[in-house]
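I opened my notebook to look around this structure and jot down what I found. Come along, one entry at a time.

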Amino acid sequence: MDPLSTLWETFFDWHAMREALPEMLTVGLPNTLILAVSAALLGSVLGMLLAIAGISRTRWLRWPARVYTDVFRGLPAAATILLIGIGLAPLGMRVWGPNPYPLGVLALSLIAAAYIGEIFRSGIQSVEAAQLEGARALGFSWGEAMRLVIVPQGVRRVLPAWVNQLIALIKDSSLVYFLGLVASQRELFRIGQDYAATTGNESALLLAGLFYLVLTVPLTHAVNWIDRRLRQGPAVAGADLDADLVPAIGKDPR
Amino acid sequence: MSTTTATPVSLAVRDVHLAFGAHRVLRGADLTVARGATACVIGPSGSGKSTLLRTVNRLIEPDRGDVLLDGRSVLGDDPDALRQRVGMVFQQFNLFPHMTVLRNITLALRRLKKLPEDEAVRIAREQLDLVGLAAKADARPAQLSGGQQQRVAIARALALRPQVMLFDEATSALDPELVKGVLGVMADLASAGMTMVVVTHEMGFAREVADTVAFMDHGVVLEAGEPAAVFEAPEHPRLRRFLSQVL
């Protein structure tokens, strides 16, 4: 017997995949995107606040940021999602009604913020102190100098690490199924799971996995491309090098 | 360059003291620069030249002493407003690498002077033209030579129409063949009547351009005077020793 037959039959049943595909596309994919994109936005904003607090000269900002980061980075994501999603459910009920998405997004954002905060902080701290001095010497306040000069440079330096975190977030979005989802709220993974449970064949789960790859792989390549461009500048501008730089790159002097 | 000099002011630094912990960097430094004059500050490394310069625009706050523009103390002013009146150029240029040359210059015009975009761009192009880099407006700083970057940094500071310009070893990081162009721009600015304080190791520039040369050592200005007097008839033994080492 083919030792891999279980693998083929259980995970690569095209028929089972085709059956799950329409619901994956119309329900699962939009829901995963809603969860991941809103948590990415909120998590990045919170992460930036944490990063700024983390480099603050005020102990009362630095310390809470430190503790927050340690806690939310240290807890398993599933534990945080349950803690927020179930612990705050009565509160959520009052504000948003029975929809588990707001608390799910909140929990995902809080987790992502802990990591993204550290990523942004390391980027911001890598910007040379001379840049701050240069901006202050022009008359910018500390806040303006940070916002216009330091943070944009710091964030650019850590774009790949930031996207890594967004990829983790896309995958972690599947964990909101802990909170109990009605049919129309199911995201990719949950739909795959439901098909697997009713058919006894895991192929729909593999299909869900393929959807995650379709989301994450292009994201990685896009950010690498952007990163390269930011480091080198647009290709056309490179043609405008000055005569005294030309020998260094071995081109024919004009 | 006449368009760049707003109304130059006189500058006086009076008995400025500063310590970083136990390390006393400035120990009662004095410097006087007449309206529209250029003072070159020379002296060995670690003598406090760059620190003194930074107390003028209050990038560093002195512990004691006073800084006066046109006879009025600036220590009570809003430091951000003061720095728009006092331009500064650094050894490492400190251009913003994520912006084009033009953007580097328009940033403060738009955000601080609240000028409309087209007005900011017009001023920036005018300043770039004055330092001979009109063609580089859309380049990134990293695409320019060190000398060109420093000229952009000068244009960036001048665009705010400062009343005083500070130069902190503006040519020390440059390859020798690029020094001349930057010193030329600085000399033009001096002859146009800008009040300038120039911390420099370029003794030729100090001798030719400066109205006053101040020699600093161990946190004080030991000797100051006209270039001819300082270079040809130095009084203090430490100045004589310094000159014998650098000339």
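Entry 1: I started in strand β1 (residues 11-20) of chain B, where B:Asp15 sits. This is a predicted model, and in it B:Asp15 has a positive phi of about 50° without being a glycine. Most residues other than glycine have a negative phi, so I noted this one down. B:Asp15 is partly exposed, with a relative accessible area of 35%. I then looked up B:Asp70, a non-glycine residue whose phi is also positive, near 50°. I found B:Asp70 in the loop between β4 (64-69) and β5 (72-73) of chain B. Its relative accessible area is 39%, so B:Asp70 counts as partly exposed.

**Entry 2: an enclosed helix.** Why do I call helix α3 (residues 101-111) of chain B largely enclosed by the rest of the structure? Nine of its eleven residues are buried. Among them are B:Val101, B:Asn104, B:Leu107 and B:Arg110. I checked what covers the buried residues of α3(B), and the cover includes α4 (117-130) and α5 (146-158) of chain B as well as α8 of chain A.

**Entry 3: where the chains meet.** I turned to the contact of chain A and chain B, which takes 25 residues from chain A and 29 residues from chain B. In chain A, the residues that lose the most area to chain B are A:Glu133, A:Ala137 and A:Leu138, together 25% of what that side buries. The area buried between the two chains is about 2300 Å², and carbon and sulfur atoms give 55% of it.

How many salt bridges does the rule find across the interface of chain A and chain B? I got two. In one salt bridge, B:Arg54 pairs with A:Glu133, with the closest N and O atoms 2.6 Å apart.

**Entry 4: salt bridges within the chains.** Over all chains, the search of the whole structure finds 22 salt bridges. I looked up A:Glu128 and A:Arg157, whose closest N and O atoms are 3.4 Å apart in a salt bridge. This pair links distant parts of the chain, 29 residues apart: A:Glu128 is in the loop between α6 (101-125) and α7 of chain A, and A:Arg157 is in helix α8 of chain A.

B:Asp217 is in strand β9 (residues 212-217) of chain B and B:Arg238 in helix α9 (residues 237-246) of chain B, so the pair ties together parts 21 residues apart in sequence. Is B:Asp217 buried or exposed? With a relative accessible area of 9%, B:Asp217 is buried, while B:Arg238 is partly exposed at 27% relative accessibility.

Entry 5: UniProt, in an unreviewed entry, places "domain: ABC transmembrane type-1" at residues 29-223 of chain A. I saw that this span is 81% helix and 0% strand. My last stop was A:Ser174, in the loop between α9 (159-172) and α10 (188-199) of chain A. A:Ser174 counts as buried at 10% relative accessibility, and it touches A:Glu187, A:Phe189 and A:Tyr212, leaving aside residues up to four places away in sequence.

Notes:
Residues are numbered from 1 along each chain as its sequence is written. Chains are lettered from A and ligands numbered from 1 in the order in which they are written. This is a predicted model: local features need pLDDT of at least 70, side-chain atom pairs count only at pLDDT 80 or more; totals for chains, interfaces and linings use all residues. Side-chain values use heavy atoms; hydrogens and water are left out. Contact means heavy atoms within 4.5 Å. Buried area is the accessible area (1.4 Å probe) that two parts lose on being put together, summed over both. A salt bridge is a side-chain nitrogen of Lys or Arg within 4 Å of a carboxyl oxygen of Asp or Glu. UniProt positions are given in the numbering used here, feature names are shortened, and annotations may be inferred rather than shown by experiment. Helices (H or I, at least four residues) and strands (E, at least two) are DSSP runs, numbered from the N terminus. Buried means under 20% relative accessible area, exposed over 50%, partly exposed in between (1.4 Å probe, protein chains only).
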